[in-house]
Amino acid sequence: MASITLKNIKKNYTKDICVIKGVDLEIKDGEFIVFVGPSGCGKSTMMRMIAGLEDITAGELYIGDTLANDVHASKRGIAMVFQSYALYPHMSVYDNMAFALKLAGTPKAEIDVRVKKAAEVLQMTHLLERKPKALSGGQRQRVAIGRAIVRNPKVFLLDEPLSNLDASLRLNMRVELSKLHQELKTTMLYVTHDQVEAMTLADRIVVFNAGIIQQVGTPLEMYENPSNLFVASFLGSPKMNLFESQLVGVEQGAALVRLPKGITARAAVDTASAKVGDKVTLGIRPEHIQLAEEGVAGAIPAKVDLVEHLGDIVLAYVEIPGVNEIICLKLPAHMTGLKFGDTVRVVFPEKNCMLFDAEGLAFKRNK
Ligand code: ADP
Ligand code: MG
């Protein structure tokens with residue numbers, strides 16, 4: 001087991017194209033860290049540099065206390081699992097898992113113990129004699145993880161390992177990976193573009209975009225206190241509702257903002273750096289918008305555009321006349337009577353409203 005420390009890590013593939021633009025991060029021993037960000041933002045490049053499959057252009061990588069920039073991949077104590085699990089088709093599950101150990105000259109008896117232990121952890125003892133073609137997608141991915149486990153690595157790197165699986169399998173494997181981490185307690189670095197995987201698996205999430213860390217924190221910290229617009233709209237499904245607006249009033253502990261058509265809302269944020277007249281973005285998550293009876297002060301009339309019944313919840317998309325943005329509400333399942341064309345009244349509770357400045361940086365929310 002080991003910690004990982006990244007100090008101002010940079011990566012250029014060519015002289016002018018900088019893909020990783022200075023990453024600082026301390027990953028604790030035994031932590032489950034998830035890197036999440038859109039396709040092409042540099043997640044795999046980061047992983048490959050840590051694994052030793054790609055040179056580090058500048059900065060320092062420590063695995064434990066060892067400066068590892070120039071340590072050969074095979075000596076880093078890292079095992080990597082990729083999206084494409086590329087098993088050897090002519091070998092049994094057992095041989096697939098044993099292969100790297102055989103190459104490394106591990107004694108047969110030792111290999112046997114490790115493969116059987118990994119198979120037990122992954123609940124595939126009964127599959128050891130099968131060939132990959134006789135396995136389901138999820139089982140194949142478990143073999144790929146088993147191949148990593150048998151090496152007793154100090155760190156696991158998993159690069160979108162579940163992306164090839166269908167939705168229900170992905171969910172199963174997610175639960176299994178969580179359990180696996182609880183059992184092995186090995187440091188895990190997991191890459192995904194899927195914010196649900198990030199929210200559910202991570203001890204801490206690293207939101208990454210355009211080669212830069214946007215924010216690091218526990219899933220709930222990130223969800224409740226995103227530090228900028230990118231993080232705010234990346235985490236959460238459906239996305240946070242955002243409104244371009246203007247700051248029209250600053251009070252102790254609250255900002256008054258105006259949307260188009262003179263609609264106002266209040267956000268409970270620290271207003272120390274706020275200036276009346278500034279352009280701001282108001283943000284509120286779909287589950288925080290409330291519906292109100294007619295006549296409630298501050299309730300804004302809106303028209304229902306679309307209703308999606310998801311069983312446990314209802315998603316309603318509504319339009320406030322004069323406001324460009326379509327607004328998404330996440331409502332309890334019993335609101336099934338809502339339909340296209342209905343008029344509703346929406347309320348944006350002050351404590352749930354977030355505010356972002358013209359650069360997209362969040363105002364601190366009041367506790
Ligand atoms: P992600 O895993 O987040 O989708 P990658 O790390 O694969 O992103 O890629 C980050 C950027 O680096 C992309 O713009 C990609 O085109 C570029 N890139 C990746 N690998 C290479 C390479 N071997 N040579 C040049 N550019 C690369
Ligand atoms: Mg990738």
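What follows are my notes on the ligand site, the strands, the cores and the cysteines.

**Ground rules.** This is a predicted model, where local features need pLDDT of at least 70, side-chain atom pairs count only at pLDDT 80 or more, and totals for chains, interfaces and linings use all residues. Residues are numbered from 1 along each chain as its sequence is written, chains are lettered from A and ligands numbered from 1 in the order in which they are written, and side-chain values use heavy atoms, with hydrogens and water left out.

**Entry 1: the ligand.** I started by asking which residues surround ligand 1. My list reads Tyr 13, Val 19, Pro 38, Ser 39, Gly 40, Cys 41, Gly 42, Lys 43, Ser 44 and Thr 45; to be near, a residue needs a heavy atom within 4 Å of the molecule. Then I went through polar distances (a polar contact is a pair of N or O atoms within 3.5 Å; within protein, one must be able to donate a hydrogen and the other to accept it, and residues adjacent in sequence count only if both atoms are side-chain atoms). An oxygen atom of ligand 1 is 2.8 Å from a backbone N or O atom of Lys 43. For Ser 44, a polar side-chain atom lies 2.8 Å from an oxygen atom of the ligand. Tyr 13 has a side-chain N or O atom 3.3 Å from a nitrogen atom of ligand 1.

**Entry 2: Thr 45.** I found Thr 45 in helix H1, residues 43–51. Helices here are DSSP runs of H or I with at least four residues, strands are E runs of at least two, and both are numbered from the N terminus. Is Thr 45 buried or exposed? It counts as buried, because its relative accessibility is 8%; the cut-offs are under 20% relative accessible area for buried, over 50% for exposed and partly exposed in between, with a 1.4 Å probe and protein chains only. Its side chain makes a 3.0 Å polar contact with that of Tyr 13. Skipping neighbours within four places in sequence, I noted contacts (heavy atoms within 4.5 Å) from Thr 45 to Lys 11, Tyr 13, Val 19 and Ile 20.

**Entry 3: strand S11 and its partners.** Strands pair if DSSP finds at least two bridges between them. S11 (residues 241–251) runs antiparallel to S14, with six bridges joining them. Glu 244 stands opposite Thr 281 in S14. S11 also pairs with S12 (residues 254–258) over five antiparallel bridges, and Gly 249 faces Leu 256 there. These two form a hairpin with two residues between them, and Gly 253 in the turn has a positive phi of about 80°.

**Entry 4: Thr 281.** This residue sits in S14, residues 279–284. Thr 281 is buried, because its relative accessibility is 14%. Beyond four places in sequence, Thr 281 touches Leu 229, Leu 242, Phe 243, Ser 245, Met 354, Leu 355 and Phe 356.

**Entry 5: a five-stranded sheet.** I traced an open, antiparallel sheet in the order S15-S19-S16-S17-S18. Strands S15 (290–291) and S18 (327–332) are at the edges with a single partner strand each, so one side of each has no neighbour in the sheet. Within the sheet, four bridges join S16 (residues 300–309) to S19 (residues 343–347), and Lys 303 stands opposite Thr 343 in S19.

**Entry 6: Leu 331.** Leu 331 belongs to S18. Leu 331 is buried, at 6% relative accessibility. Its contacts beyond four places in sequence are Leu 291, Ile 313, Val 314, Ala 316 and Leu 338.

**Entry 7: the cores.** A nonpolar core is a set of buried Ala, Val, Leu, Ile, Met, Phe, Trp, Tyr and Cys residues joined through side-chain atoms within 4.5 Å. The largest has 46 residues, and Met 97, Val 115, Ile 145, Leu 177, Leu 180 and Tyr 190 touch the most other members. A second, separate core has 33 residues, including Leu 247, Leu 282, Ala 316 and Ile 327.

**Entry 8: the cysteines.** How many disulfides are there? The count is zero, a disulfide being a pair of cysteine sulfur atoms within 2.5 Å. For Cys 41, the nearest cysteine sulfur is that of Cys 18, 14 Å away. Cys 41 is buried, with a relative accessible area of 3%. Cys 353 is buried too, at 0%, and its sulfur is 15 Å from the closest cysteine sulfur, in Cys 328, too far for a bond.
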